[in-house]
Amino acid sequence: VLSLGHTQANAALAEAFGLPPGTPLYHSLLLHYADDQPLQLEDRYVNPAAAPGYLEQDLATDTPHHYLSRVAPLEQAEHVIEADTPAPEVARHLQLQAHEPVLVLNRRTWSGGRVVSVARLFHPARRYRLSGRFSFTQPHHG
């Protein structure tokens, strides 16, 4: 857990949450490891109205995802994936060389008809890949 506290919605966050600018939000910055290497830098904003106990959680032992799933069960999620050159602070946390690319997963989640969380998840491109498997059913006619 690199940081955990209060902040206010700037214009971009206000739009993402559908809230007025200046609305209080919670903010967490977490660094996740796998095999003793940094795998993900999680920069997350949370709507306090949807998860009032967020700041009291021990995020070193319980992930934001687990906590938020308990208090605000997932109804919808939006993922936007992009490649980027990270800011120096992001590169430092992920132990990257200058200009080494990252994959960024921009994630927004809803519960109870409102946006609960907006997160940017940074992954070292050379140590990470995204994959998916999808099943589709045909509509029944008749």
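How many cavities of 30 Å³ or more does the count come to? The count comes to 1 cavity. A cavity here is a set of points, on a 1 Å grid over the protein atoms alone, where a 1.4 Å probe fits but cannot get out. Grid points are joined across faces, edges and corners, and a volume is the space filled by probe spheres set on the points.

The model is predicted, so local features need pLDDT of at least 70 and side-chain atom pairs count only at pLDDT 80 or more, while totals for chains, interfaces and linings use all residues. Residues are numbered from 1 along each chain as its sequence is written, and side-chain values use heavy atoms, with hydrogens and water left out.

The architecture comes next. Helices (H or I, at least four residues) and strands (E, at least two) are DSSP runs, numbered from the N terminus. An open sheet of 6 strands has the order β1-β2-β3-β6-β5-β4, and its pairing is antiparallel. Two strands count as paired if DSSP finds at least two bridges between them. β1 (3-8) and β4 each have a single partner strand and stand at the edges, so one side of each lacks a neighbour in the sheet. On average, neighbouring strands of this sheet are turned by 20 degrees against each other, direction ignored. In general, strands of a sheet pair through backbone hydrogen bonds, either parallel or antiparallel.

Individual pairs can be followed across the sheet. β2 and β3 run antiparallel and share 9 bridges. Leu-31 stands opposite Leu-41 in β3. The hairpin of β2 and β3 has 2 residues between the strands, and there Asp-35 takes a positive phi near 55 degrees. β3 is joined to β6 by 6 bridges, again in the antiparallel sense. Arg-44 stands opposite Ala-119 in β6. Of the 10 residues of β3, 8 are buried (under 20% relative accessible area; exposed is over 50%, partly exposed in between; 1.4 Å probe, protein chains only). β3 is therefore largely enclosed by the rest of the structure.

At the other end of the strand order, β4 and β5 are antiparallel and joined by 9 bridges. Ala-83 has Leu-103 in β5 as its bridge partner. Helix α2 (residues 64-71) packs on the sheet and touches β2 (24-34), β3, β5 and β6. Contact means heavy atoms within 4.5 Å. The direction of α2 makes about 35 degrees with that of β3. Axes are lines fitted to C-alpha atoms, for helices over the stretch in contact, and angles run from 0 to 180 degrees between N-to-C directions.

The largest cavity holds about 110 Å³. Lining residues have an atom within 4 Å of a point. Among those of the largest cavity are Arg-44, His-65, Leu-68, Trp-110 and Val-116. α2 and β5 each supply at least two residues of this lining. β5 gives the largest share, 4 residues. By class, the lining has 5 nonpolar, 4 polar and 2 charged residues. Ala, Val, Leu, Ile, Met, Phe, Trp, Tyr, Cys and Pro count as nonpolar, Asp, Glu, Lys and Arg as charged, and the others, Gly among them, as polar.

A pocket, by contrast, is an open set with protein on both sides within 12 Å along at least five of seven lines. The largest pocket has about 290 Å³ of space. It is lined by 14 residues, and Ala-12, Leu-13, Ala-16, Val-118 and Arg-120 lie nearest its centre. At least two lining residues come from each of α1 (11-17), β3 (37-46), β4 (76-84), β5 (102-111) and β6 (114-124). The lining of the largest pocket has 7 nonpolar, 2 polar and 5 charged residues.

Gln-95 lies between α3 (88-93) and β5. Gln-95 is not a glycine, yet has a positive phi of about 55 degrees. Gln-95 is partly exposed, at 47% relative accessible area. His-99 lies in the loop between α3 and β5. His-99, also not a glycine, has a positive phi of about 70 degrees. With a relative accessible area of 68%, His-99 is exposed.

Ala-51 lies in the loop between β3 and α2. Ala-51 is buried, with a relative accessible area of 0%. Neighbours within four places in sequence aside, Ala-51 is in contact with Tyr-26, Val-46, Tyr-67, Leu-68 and Val-71. The C-alpha atoms of Ala-51 and Glu-89 are separated by 28 Å, and the two residues are 38 residues apart along the chain.
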